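User: I'm new to this structure and would like a close look at just one part of it. Could you pick a region and walk me through it, along with what surrounds it?

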Amino acid sequence: RRTETDVVFQGGTELIFSAEFATMRYGFGVAYRTPQKYEDEEFVPASVPFWGVVTFGNIRVDRFFSPYLAIRLGSIAPITSNGNWWERPYNFLINPGVGVIFPYSIGLEFNYEYCSMQKSFVDKELKFRVNSHRIGIQLSIGFELIRDRIYRSEEQHKRKRVFEESYDFDSDSEDDIIDYTKES
């Protein structure tokens, strides 16, 4: 049968790593999702989705916005004391999206999600699957936990050489060098 349900809300976090030589990022995430229901009839209990994510796009802090594409693949675990949801948990989700990152790492993403959860009654040899198609809007704010860049671009090497050539480090004390570096 087919039915409409109320709005479902989700809050979570993603930990994303940048690829050093490519315009992609990868990581994983986890969230809490409210139950899927219509008025008083609950179709799917509250759940915890977890997924892997890959995004493609060059995130640049010097631009007003940086577009990207994302794909999330994962599983979803129901939060319920009803054991019928746990007998055969073949639950999965697929979530492609298109988004932009604005200044201050504020993100806006439009995505589509296909989610499938199974409920089994082993003693009655009965099972049914709830499939959901959702269109969503995702708001996010990002921040860097660690920034460790091993690779230096040719432009960074040139800037370093120009800096070293413009100031003679051998003739002055270490304190003068530190002060000059801070001013530069």
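Predicted model: local features only at pLDDT ≥ 70, side-chain atom pairs only at ≥ 80, totals over all residues.

Let's start with the hairpin made by strands S8 and S9. Strand S8 covers residues 106-121 and strand S9 covers residues 126-141. The two run antiparallel and are joined by 16 bridges. To follow one of these on the screen, find Gly-107, whose bridge partner in S9 is Ser-140. At the turn, four residues lie between the strands, and Glu-125 there has a positive phi of about 50 degrees.

The structure holds one cavity of 30 Å³ or more, and the largest cavity has a volume of about 50 Å³. Its lining is made of 13 residues, of which Gln-36, Val-44, Cys-115, Met-117 and Arg-134 are the closest to the centre. S8 and S9 each supply at least two residues of this lining, and S9 gives the most, with three. By class, seven of the lining residues are nonpolar, four are polar and two are charged.

Now for some aromatic rings in the surroundings. The model has four aromatic pairs. In one of them, Phe-17 and Tyr-26 are tilted, with 5.9 Å centre to centre and 35 degrees between the planes. Phe-17 is partly exposed because its relative accessible area is 37%, and Tyr-26 is partly exposed too, at 38%. Another pair is Phe-64 with Phe-102: the ring centres are 5.8 Å apart and the planes meet at 65 degrees, so this pair is edge-to-face. It links distant parts of the chain, 38 residues apart: Phe-64 is in the loop between strands S5 (47-56) and S6 (66-78), whereas Phe-102 is in strand S7 (residues 92-102). With a relative accessibility of 60%, Phe-64 counts as exposed, while Phe-102, at 28%, is partly exposed.

Conventions
Residues numbered from 1 in each chain as written. Heavy atoms only, no water. Phe/Tyr/Trp six-rings, centres within 6.5 Å; stacked < 30°, edge-to-face > 60°. Buried < 20%, exposed > 50% of the residue type's maximum accessible area, 1.4 Å probe, protein only. Pairing = 2+ DSSP bridges. 1 Å grid on protein atoms, 1.4 Å probe; cavity = no way out; pocket = protein on both sides within 12 Å on 5 of 7 lines; lining within 4 Å. Points joined across faces, edges and corners; volume = space filled by probe spheres on them. Nonpolar A, V, L, I, M, F, W, Y, C, P; charged D, E, K, R; others polar.
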